[in-house]
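Take them in order, with the model open beside you.

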Amino acid sequence: MPHFSLIFIMLAMPLLGALFLLFIRGDEERTAGNAYAVSMLISGCVFLTALTAWAFFGAHKTDVFSAVFVNMPAFKVSMRVGMDALTLFFVLLISFLTLLSVFISRKNVKTKVREYMFLTLIAESFLLTAVCARDLFLFYAAFEAAVIPLFLLIALWGVERRAVTPYRFGLFAIVGSVFLLSGVFVLYHQAGSSDFNVVEAAAFTPFYRKLVFGLFLGAMAFKAPLFPFHFWLTDSLAEAPAAAGVLISGVYSKLIFYAFVRFVIPISGAEIEPALPYLCCWALATALYGALIAGVQEDIRFIAGFAHLTQTGLLALGLFCLTPESVRGMLFLSAAQAVSMAAFLLACGALWQRVGYVQNIVGVLSVFPYLGAVFFLSSLALLAFPPMPAFTGQFLIFQAAFAQNKAFAALGLTAVMLLYVAFFKHFSRFLFGGAGESPASGDDLGARERAAAVLLGAVFLYLALTPSQVFRLIAAAVDPLFEQG
Amino acid sequence: MFFLFLPVIAACVLFFAACLKRQIPVFAVGFVCLAGAFARVGAMSLKNVFQGKIYTCKIMPFLTLNAVEYEWGFSFTRTELVLASFILFVALLSLVFAKSYLQPEKTNRYTMFLCALAFCVLTCIGSDNFFQFFAGWELSVLFAYLLLLLFFERQSVRRAGNRFFVCHVLSDIPLFCAFYILMSKTGSFFVPPFVPVDSVSFTPDQAMAFAVLALVGLSVKLMLFASPLPLTETAEMCVPVLSFVATAALGGLGIYALYNAYAFFAGFRAVRIMLCAVGALTAAAGIVAALCRDDFKNVLTGMLSSQFGLVLTVFGLAGRDAGFCAYIALMLPMSGLILAAGTVIYALRAQENITRMGGLGARLPALFWITGLLSLCCVGFPAVGTFGVWQDLYAALYVKGNFGFALSFAVLSFGLAWAFARMLYDVFFAPRRMMLSAVDELRPVGAGLLIPVAIVLTAALCQEKIFEQSVLDDLSRSKALAVLALSLVGCSGLCFGLLYFKRRKNEQPFGTAGKRLVNLLSLAPVYEAVIVRPCLSFARALWFSVGTEVWLEKFPRAVQRLAQAVQKRQNGRLSSFFTAVLAGLFLLTAALIGMKG
């Protein structure tokens, strides 16, 4: 069992850190400072561990790191965790986004900092466990458990309508989880085991293959989400504090795609091929709906929410095109979109903190030059404006879509361009000035926020200019899927 | 190749200087960097012309897909070098002009965006793969949009900026589709000319589809007929921006893309006829727009559109090399003419209506001669700059097309020259129409405004030397005479036009009917009615009806009611709750055991 300690340490660290936070005592300011320092240390260590794992990884296509997570022979329960290329990709994403969330929360969160950090670390722990799990029930339990800290983060530190939004988020998550649990049960029932290796090797009848796919598709509709089950997403992104928004958009909503690549598609195989064109249509409907609705929104946060929906539609398009290029593009787009959304939420959070409102605000660039520039660039990244990293992912998805059906590519492109229209309709007014309320003078981005912006900028540059290494990792994750046929 | 990065270095320096609120010599930074880049590219062009040297520089690897490696870098052959030299030349002169034309507080932003735009255009034309091509392509539009928003205080500018950007990005949809067609044929992400033309075999239908998609995609950049972007939106740019963006930057990109796409449908006669038809329509519509508008910049954009139409016609009839030569020949004096128009506007303290000008020939003699000569260059007057180029164009049309085509071209050129005559007459020859005080208080025109225009004029006058190598072999005597006659017919529109307008004097030559025709030709109301409004209405209807109410209000309320009903049934007692939970867990366990068995 090589590198046993590495994966275990990585999963245990956030939990231990969260527990440690509970023992911090002192006045509120001191507690906040210590809680922040501990959380930074823990999330930084987790990210470093993930980077170390990447350095060790090479071009392996099977689990490089694995360990037994739970072993209770008396109850015949044995759950494994492991890390292959696909897992590593998501582990890097989760650990980076959590580090970023913690980093930017120092200024954004003023009250109950210790509790906030506790929930963030707990959420990270659950999300990491979900992607490292090699057992269906462990995956399900960790995935669903992550809803609780995210729910609480919105409910306790939300912006305006924090009484309603988390309720909707929880409700939709539960409905999605019903489908997910049903799918997990069917797999377990047919394979006789919840271990991924056994499940993947098991022989399923065509009926059960279709059933599994259908149930996970239901889960995706609510959790990714797809039109018309998306309403919680725009609300949550607009209302959640920056850190929760980053985790929801960047990781939580992407995990269902992970599930598809990990076991749903290998199990369902050729049975789903006749349904794929229809599913592509559904994905495109989601993308077009998001882009169209973004065009009639006035609040920039809601426009960003619908932009996220459009991108989710394109991710689904990449998945349902089901070619090596499209799935690679989908995974790369999901990472690029997560980082872009993080940057956007950082800018929105900073703006909210300074002016208290985001709607109908004008002339940001003249009052806050750095913040305006970060806002502009993060918006471009969110839109996948070339050469931003998401563009490469979209480009590959559209190329695969074009090969399947020319109309798919044309409609997908239309959705992207409509999204540009939705954003740029407000940009001139929002950034430069015009009719509306101009913010009074105030402090521009502080040193910590600038550091976060620089960090994100470096990641953007890396992903935009030399995505080869990330693509190598993605290829190692995706190729086995197609080599198996 | 370091020199190619100078513009982007300048843009970054200016950006950080603005953020840090540091005073730096903005103009000097911009000028040195653009001049350095221009000098280097100019030297490369000369080496290419005389030694046939091709420049390739790989900067860093980008992506490896299907064992093919794509890289960031620059690859310049002759076409790219000539275009890059032209673009940097116009950018440099535009910058020099802007120093005197713009208010100091606008200079930093202008210089920054101009340098960034110049670099993006170079990135685009120097690319060998689609990723870099589209990065340069879209960023060029973005910086052009930001340049347009230089005077964002005006609502009309903001509106024009939005429409400008929207039209450009929407027109990218067909362009992307055209390139995806190409990619599906070649199997790689390399762009032409790095894709062998022989490897792509189109059927006539496919070639037509490809050409139509490419042309629609380029329609906004080349201001073609039926393009969704009305000329008035382009005319909202301030003069230095208009002279660079419309003629060299975006126009150059459009021509470059057409030049490379042309190789794939050159063998299809139907496609070439389609190009000619669209070109002729564009030229005609541009002439009508120039004749019916009173705003100086609108008149110029009309002429510009008309010239792009002529270039497209040349592409269709005489091939891409002749088309490319025509583009350079026409756009060089045109960019100078726009700057000259800016000088007039500057002198008249932002008066842009040409019907309120007049009598400036005597007041601004230097400007009058420069503008006059540039106009002569634009229309291809004998013994002035571009006459030889125009003759070559006519010859190419005559030989590769036929006499009828060349005659049609001459008629269009005549119309264009007529539009120039109207402009010259209204601005310089017409009796004074301004209030006396305004005339007496003409703002002094400094050397900073006149020098760049004079440099463009000199370059335009030397064009004949640049394009000395004719696109065709020597013609027979009778054909040569016919070509000469056609050339003279084309440019004679200027003389006849001046005579005509002198006779009409103060009367308005084109009434409301003409203006309505222009609006009709721009098709803006049609796009508004057919696409924009239905699209927005549909989106609003979707937002207010489909699902929102059901999912955000009714569904959560129904769940809440269900929960209340359950609670009511249990009477809210804790023991009942625990009983229910235990029963649920028991059932779950039983199900698991059952499955295991």
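1. Please start with confidence, since this is a predicted model. Among the elements of chain A, strand S1 (residues 65–72) has the lowest mean pLDDT, at 68. Helix H13 (residues 276–295) of chain A has the highest, at 92. I would keep both in mind while reading on.

2. Chain B averages 83, and 89% of its residues score at least 70. For the complex, the predictor gives an ipTM of 0.87 and a pTM of 0.88.

3. Next, have a look at where the two chains meet. On the chain B side 60 residues are in contact, and on the chain A side 59. About 5500 Å² of area is buried between chain B and chain A, and carbon and sulfur atoms give 79% of that area.

4. How many salt bridges are there between chain B and chain A? The count is zero. Over all chains, however, the structure holds 15 salt bridges.

5. One salt bridge deserves a visit: the side chains of Arg328(A) and Asp479(A) meet at 3.0 Å, N to O. Arg328(A) sits in helix H15 (residues 324–355) of chain A and Asp479(A) in helix H21 (residues 468–483) of chain A, so to speak two distant parts of the chain linked by a pair 151 residues apart.

6. Now for the second largest pocket, which holds about 1400 Å³ of space. Its lining is made by 43 residues. Those nearest its centre are Val421(A), Val166(B), Cys167(B), Leu170(B) and Val532(B).

7. Which elements give two or more residues to that lining? From chain A they are H13 and helix H19 (406–432). From chain B they are helix H6 (155–186), helix H7 (204–219), helix H10 (269–292) and helix H22 (524–544). H6(B) gives the most, with 11 residues. H13 of chain A is also the element with the highest mean pLDDT in that chain.

8. What classes of residue line the second largest pocket? There are 27 nonpolar residues, along with eight polar and eight charged ones.

9. Finally, some backbone details in chain A. Most peptide bonds are trans, yet the bond from Ala224(A) to Pro225(A) is cis, with omega near -10°. Another cis peptide bond joins Phe227(A) and Pro228(A), where omega is about 0°. Pro225(A) is found in the loop between helix H9 (206–223) and helix H10 (231–239) of chain A, and Pro228(A) also has its place in the loop between H9 and H10.

10. Most residues other than glycine have a negative phi. Ala384(A) is not a glycine, but has a positive phi of about 60°. To find Ala384(A), go to the loop between helix H17 (369–382) and helix H18 (389–404) of chain A.

How values were computed: Residues numbered from 1 in each chain as written. Chains lettered and ligands numbered in written order. Predicted model: local features only at pLDDT ≥ 70, side-chain atom pairs only at ≥ 80, totals over all residues. Heavy atoms only, no water. pLDDT = per-residue confidence, 0-100. Helix = DSSP H or I, 4+ residues; strand = E, 2+ residues; numbered from the N terminus. 1 Å grid on protein atoms, 1.4 Å probe; cavity = no way out; pocket = protein on both sides within 12 Å on 5 of 7 lines; lining within 4 Å. Points joined across faces, edges and corners; volume = space filled by probe spheres on them. Nonpolar A, V, L, I, M, F, W, Y, C, P; charged D, E, K, R; others polar. Contact = heavy atoms within 4.5 Å. Buried area = accessible area lost by both parts, 1.4 Å probe. Salt bridge = Lys/Arg side-chain N within 4 Å of Asp/Glu carboxyl O.
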